[in-house]
Amino acid sequence: MVKLREYFGGISMGFFSLFKHKDKSKSEKYKLGLFKTREGAFATLKEVLDGKNKIDDDLFDSLEEIFIMADIGVETVVNFIDELKDEVKNKNITDPSVLSEIIIDKMFEIYLKGEVVNANLNVKKENLNVVLFVGVNGVGKTTSIAKIAHMYKEQGYKVLLAAGDTFRAGAIEQLAEWAKRVGVDIVAKNAGSDPSSVMYDAITKAKQEGYDLVLCDTAGRLQNKANLMAELQKVNKVIGEVAPGNPVETLLTIDATTGQNGMIQAKAFAEITNVSGVILTKLDGTAKGGIVLAIRDQLGIPIKFIGLGEKMGDLEVFDIEQYLYGLFADFFDENGNKR
Ligand SMILES: Nc1nc2c(ncn2[C@@H]2O[C@H](COP(=O)(O)OP(=O)(O)OP(=O)(O)O)[C@@H](O)[C@H]2O)c(=O)[nH]1
Ligand SMILES: [Mg+2]
């Protein structure tokens, strides 16, 4: 297990003081986006830790309740509390106010699992990169595609959108509208067309005209798992045939406001397609931001992006330190000193 301080090369200052060195504008976005979670479960956490003068079973029960409320997920929370108990016992910790740092350390471990998790997309500008977007209706797929198109366009990529949701009425127009707003090109066919033929056309165009990144929208009909599986298999096959080695990523979009239901969807998608990363949308709209830890712990899939609002710029490459900073911002001041 990588301990936070080991991860940072033996820094002995502790988590809070690390934030002196962080990108402040990014921190502000995370802080703002995690406002509801911080005001909810994590405000209670601070009250509990500040209000207690000893560490006992009562305190652990309260912590368990708080973490479950934050949607970290029962399974993850139960193990997490066990590890906290062990740590407290092994290190002979008696002061509850010391617990916050240990909690952050442990959350960091849950997320990293001894690896350095890379949130950047597996794309190389010298290649043609195809990224497939999956997820159920209304989770924020199309909006996220637009946001990622915007992000990569800013980085100098020539981006093409493929309107592969040919099923839902209005989906093609919605993506076309975003393409116009972002200033990127789109390939679309008539409603009802075979999605894999849209991907075929888009990738063929991308190869002929030197695009770097093709972002493929899909329809999310999880209600009919067999159909969806067949459709995704076909899409994957066609993409791989026209652009060998692709898709380089299959990103599953999950709506953070749906809580544990989002976890169930994630499990279902992970069974039918090779999900390489998660886009967690609408974190700004939920008090249950702990789902980040549940997804990573129970599914092993890294979070690649988080959605923090409805606008084009409201998407961030996921950064576990910034995330924890956002959750625990009320525990320390802007210089990283503990409050
Ligand atoms: N607050 C907030 N709203 C978001 C975010 N991402 C998406 N939304 C909103 O969620 C709604 C649905 O987004 P879409 O992008 O249309 O979702 P979709 O998954 O493509 O939906 P279908 O095409 O119906 O499958 C829209 O109103 C978006 O503005 C986010 O990060 N924060
Ligand atoms: Mg859509």
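Sorted by class, the shell around ligand 1 comes out as three nonpolar, nine polar and seven charged residues. (Here Ala, Val, Leu, Ile, Met, Phe, Trp, Tyr, Cys and Pro count as nonpolar, Asp, Glu, Lys and Arg as charged, and the others, Gly among them, as polar.) That shell holds 19 residues, with Lys-141, Thr-142, Thr-143, Asp-284 and Glu-310 the closest; a residue is near a molecule if one of its heavy atoms lies within 4 Å of it. Helices (H or I, at least four residues) and strands (E, at least two) are DSSP runs, numbered from the N terminus.

This is a predicted model, where local features need pLDDT of at least 70 and side-chain atom pairs count only at pLDDT 80 or more, while totals for chains, interfaces and linings use all residues. Residues are numbered from 1 along each chain as its sequence is written, chains are lettered from A and ligands numbered from 1 in the order in which they are written, and side-chain values use heavy atoms, with hydrogens and water left out.

Now for the contacts. Thr-143 has a polar side-chain atom 2.5 Å from an oxygen atom of ligand 1. Gly-140 uses its backbone instead, placing an N or O atom 2.9 Å from a ligand 1 oxygen, and a polar side-chain atom of Asn-137 lies 3.4 Å from an oxygen of ligand 1. Taken alone, ligand 1 exposes 660 Å², and the protein buries 82% of that (accessible areas come from the Shrake-Rupley method with a 1.4 Å probe).

Where does ligand 1 sit? Its place is the second largest pocket, meaning that more than half of its atoms lie within 2 Å of the pocket's grid points. A pocket is found on a 1 Å grid over the protein atoms alone, as an open set of points where a 1.4 Å probe fits, with protein on both sides within 12 Å along at least five of seven lines; lining residues have an atom within 4 Å of a point. About 190 Å³ of space lies in this second largest pocket, a volume being the space filled by probe spheres set on the points. Its lining includes Gly-140, Thr-143, Asp-284 and Glu-310, and α9 supplies the largest share, three residues. By class, that lining has one nonpolar, seven polar and four charged residues.

The largest pocket holds about 240 Å³ of space. Its lining counts 15 residues, and Val-117, Ala-119, Phe-318, Asp-319 and Ile-320 lie nearest its centre. Two or more lining residues each come from α8 (99–112) and α15 (320–328). Ten of the lining residues are nonpolar, two polar and three charged.

Finally, the backbone. The peptide bond from Asn-246 to Pro-247 is cis, with omega near 0°, and Pro-247 lies in the loop between α12 (225–242) and β5 (249–255).

Technical notes: Polar contact = N/O pair within 3.5 Å; in protein donor to acceptor, adjacent residues only side chain to side chain.
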